[in-house]
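Some labels in a structural description rest on cut-offs.

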Amino acid sequence: MTLSEAPVGSRVRVVGHERPGACQCASAIAAMGIHPGDEIRVIRAAPFHGPVLVEVPSSGVRLALGRGMARSLIVEPLPA
Amino acid sequence: MRNDRSDRLGVRSVALVGQPNCGKSTLFNALAGFKANTGNFPGTSIRYTRSLVSVGGQSLEVVDLPGTYSLTPRDAAEEVTRRFLEQGRADAVIAVLDASVLSRSLELLLEVLEMGLPTVVALNMMDEAARKGVEVDPAALEALLGVPVVPTVATRGKGVVAVILKALGQTMRPGSGRPPTYDRDVEESLGRLAAEVPPGLAESVGRTPRSLAIRLLEGDFWEVQRLGGHPESAGLLEAAARERRLLAEMHGWPEDTVFGSHRHAMAVDLFEKVATVRPRRRRSRRERLDDWIMHPVLGLLLAVGVFAGLFGVSFYFGNFLSEVVAGPFDRIVEAAVPGADRGLSASLIRGFLQGVSGGVGIVLPYLLPLLLILSLLEDVGYLPRAAFLVDGLLHRVGLHGKSVIPLILGYGCNVPGIYGTRILESHRDRVLTALLVPLTACSARTVVILALVGATMGPWWALGVYGINILVTALAARGMSALAPGQVTGLLMDIPPYRLPPLGAVAKKVWFRVREFLVQAWPILVAASMVLGLLEWMGVEQGVNRVLAPVTTGLLGLPEAVGVTLFFGILRKELALVMTFQALGTQHPAEVMTPVQLLTFTLFLTFYVPCVSTLAAQVREVGPRWTTVGVLLSTGIALAVAAATRLVGLWVA
């Protein structure tokens, strides 16, 4: 599934990117602190299909990802 | 290469490099006095600022570079930083790390070290890291990397002098540390690729063969494009593609992130060696605050409340201050030059006094509270949260993600808003946003709204004008994005923790902006007032007014006298306000204009041609052609909105 489908409050592991190389999203997201293999937590979602706020607990990074970005990030659910 | 960097200026130069919102500009200001704009908002510095400082009896140039997440730039602001470093314009680099997100900060540090520049590390935000339960050992980091590491708390000036002294030492005895080595297979790839670099090529782009090989393995778009121009580098680019494929296959990662992932792994490894993390059991109070502030419903209501509050406080405080200051000034003007005296000297003196009083009696009272509250919102970290909440709404009008940042900045002042468009990746978004920013009611226009509508018709009407401004800006965005459909580039934004800025820093920042008004705008205001006095005396003013009459009185139903003020409003928006009072011959416009006229005129002023500073910024960012389009667009919108207001007024009456 993609990050945009992960429910608020859930923990997921980043698997990779949809269409890697198609845009510079993959490297942009990586430079801002989310890498394949990272465990991330979905903290909240903005109204009107706005961004999702995620946290990388291991590094303390907190990022808002717009829905388009969230749809490009493939994740797998982790047990709560 | 290295010699010409310092000889050019005769002074050594130290550059501050760091990720957005890591406290570079705060550190810079602590060194140089208040010169760079700061805010708890990633991307506050879009251009670099430099300053000469004196350390230990030596002059040193300190350069504050725009924040960048990595040295593989993705937008124009990041490109500034990378080019500055490549051109060898810094004798030493101070890498500012945010200790509270240390492992990410370390990735940038590794890139800086790979460039082989003499480096000192400022380990900033140690207090915030401690709050997150992260303890960092600077000595361990220093031992692992071989470069000086100084813990700092830039907001309190701690460690600032130590850092700059170490940097000065680095400019004299350059040592670039030891960047850790990568896995064996990565190092082998790098070695093979570095051997393929034609002699002299790396040096010609300010790099070592190894650091060039690293850029190529990363698939650095700029580097590949630049080398594409060199005929002798075709073989090198082919070899790079081959090595990238090889690494990707070996590690099972996609090509474009395989190298970055290795650097990331290295940074994580370093982080684990130098930091200890105590897991927290409870969420901190500041985190729980976000449950309210970023709540989908409450948060949006709160955002409306915050901006209405900003408006209301500025209004009431401004009104109060304005009456206290402007009343006595009116009496002075009347005593000095009786209204009946129409001679040349009387006209000039009256213009002078009215300009002086307009600045301190009308503009400053509203501007001061507005700047104070905006600064607080900026420093506390509220703005990125507001951006998070409204991003979804902006999507509905066809604006994407990051556009919200320049637009929010535009409500403070259009000029940084225009420069802020540099953080947008696509040309289409940059142009679109640069055309929209001048429609936003900046603080100067807000002053006009408060003084012309608020003070005469009440705060709710002023708020209404503000609402119309937001609505029209949204409609314009919708229309323009429908004309230029483009690819969606999504939002990707750091949400910084809340920070309580030291009051001294807030005061300095407000003073910085007030001084800008007093030194730059006020003299223009006074001079323009005198020019208007002169024009009145010569009778030219009436000619101008008559030429504009078909629009001002014919189309919009305004007093003919306001015509000439529109020209002054292009210099600065506050000027239109002060000039209007002067042209109407009263500080109480409600005596000579009806409420509908006041609304019509104010709406026209908020939308028509932006001020010259904004136009200059627009020309720089998107060129004269788009600037012209913008001027026509905003004038068209101004005419349409003002004419519509008049019609509604006629209909209601």
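Q: What makes a residue buried, exposed or partly exposed here?
A: Buried means under 20% relative accessible area, exposed means over 50%, and partly exposed covers the range in between, computed with a 1.4 Å probe on the protein chains only. This is a predicted model, in which local features need pLDDT of at least 70, side-chain atom pairs need pLDDT 80 or more, and totals for chains, interfaces and linings use all residues. Residues are numbered from 1 along each chain as written, chains are lettered from A and ligands numbered from 1 in written order, and side-chain values use heavy atoms without hydrogens or water.

Q: Why does Asn21(B) count as buried?
A: Its relative accessibility is 14%, and the limit for buried is under 20%, so Asn21(B) counts as buried. Asn21(B) lies in the loop between β1 (12-18) and α2 (24-32) of chain B; strands are DSSP runs of E with at least two residues, helices are runs of H or I with at least four, and both are numbered from the N terminus. Asn21(B) also has a positive phi of about 65 degrees although it is not a glycine.

Q: Why is His49(A) called exposed?
A: The relative accessible area of His49(A) is 61%, and exposed means over 50%, so the label is exposed. His49(A) sits in the loop between β2 (39-45) and β3 of chain A. Its phi is near 55 degrees, a positive value in a residue other than glycine.

Q: Why does Phe28(B) count as buried?
A: Phe28(B) has 0% relative accessibility, so it counts as buried. Phe28(B) belongs to helix α2 of chain B. Phe28(B) and Glu61(B) are 33 residues apart in sequence and 11 Å apart in space, C-alpha to C-alpha.

Q: Why is helix α3 of chain B described as largely enclosed by the rest of the structure?
A: Eight of the eleven residues of α3 (residues 76-86) of chain B are buried, so the helix is largely enclosed. Among the buried residues are Ala77(B), Thr81(B), Phe84(B) and Leu85(B). After α3(B) comes Gly88(B), with a positive phi near 65 degrees.

Q: Why is Arg283(B) called partly exposed?
A: The relative accessible area of Arg283(B) is 35%, between the 20% and 50% limits, so Arg283(B) is partly exposed. Arg283(B) is in the loop between β8 (275-277) and α14 of chain B. Its C-alpha atom is 9.7 Å from that of Lys132(B), 151 residues apart along the chain.

Q: How many aromatic pairs does the structure hold, and why is the pair of Tyr411(B) and Tyr466(B) tilted?
A: There are four aromatic pairs over all chains. Rings of Phe, Tyr and Trp (its six-membered ring) pair if their centres lie within 6.5 Å; planes under 30 degrees apart are stacked, over 60 edge-to-face, and the rest tilted. The rings of Tyr411(B) and Tyr466(B) have centres 5.9 Å apart and planes at 55 degrees, so the pair is tilted. The pair links distant parts of the chain, with Tyr411(B) in α18 (residues 404-412) and Tyr466(B) in α22 (residues 459-483) of chain B, 55 residues apart. Tyr411(B), at 21%, counts as partly exposed, whereas Tyr466(B), at 11%, counts as buried.

Q: What makes the pair of Phe604(B) and Tyr608(B) stacked?
A: The planes of Phe604(B) and Tyr608(B) are 20 degrees apart, with 5.3 Å centre to centre, and stacked requires under 30 degrees. Both Phe604(B) and Tyr608(B) are buried.
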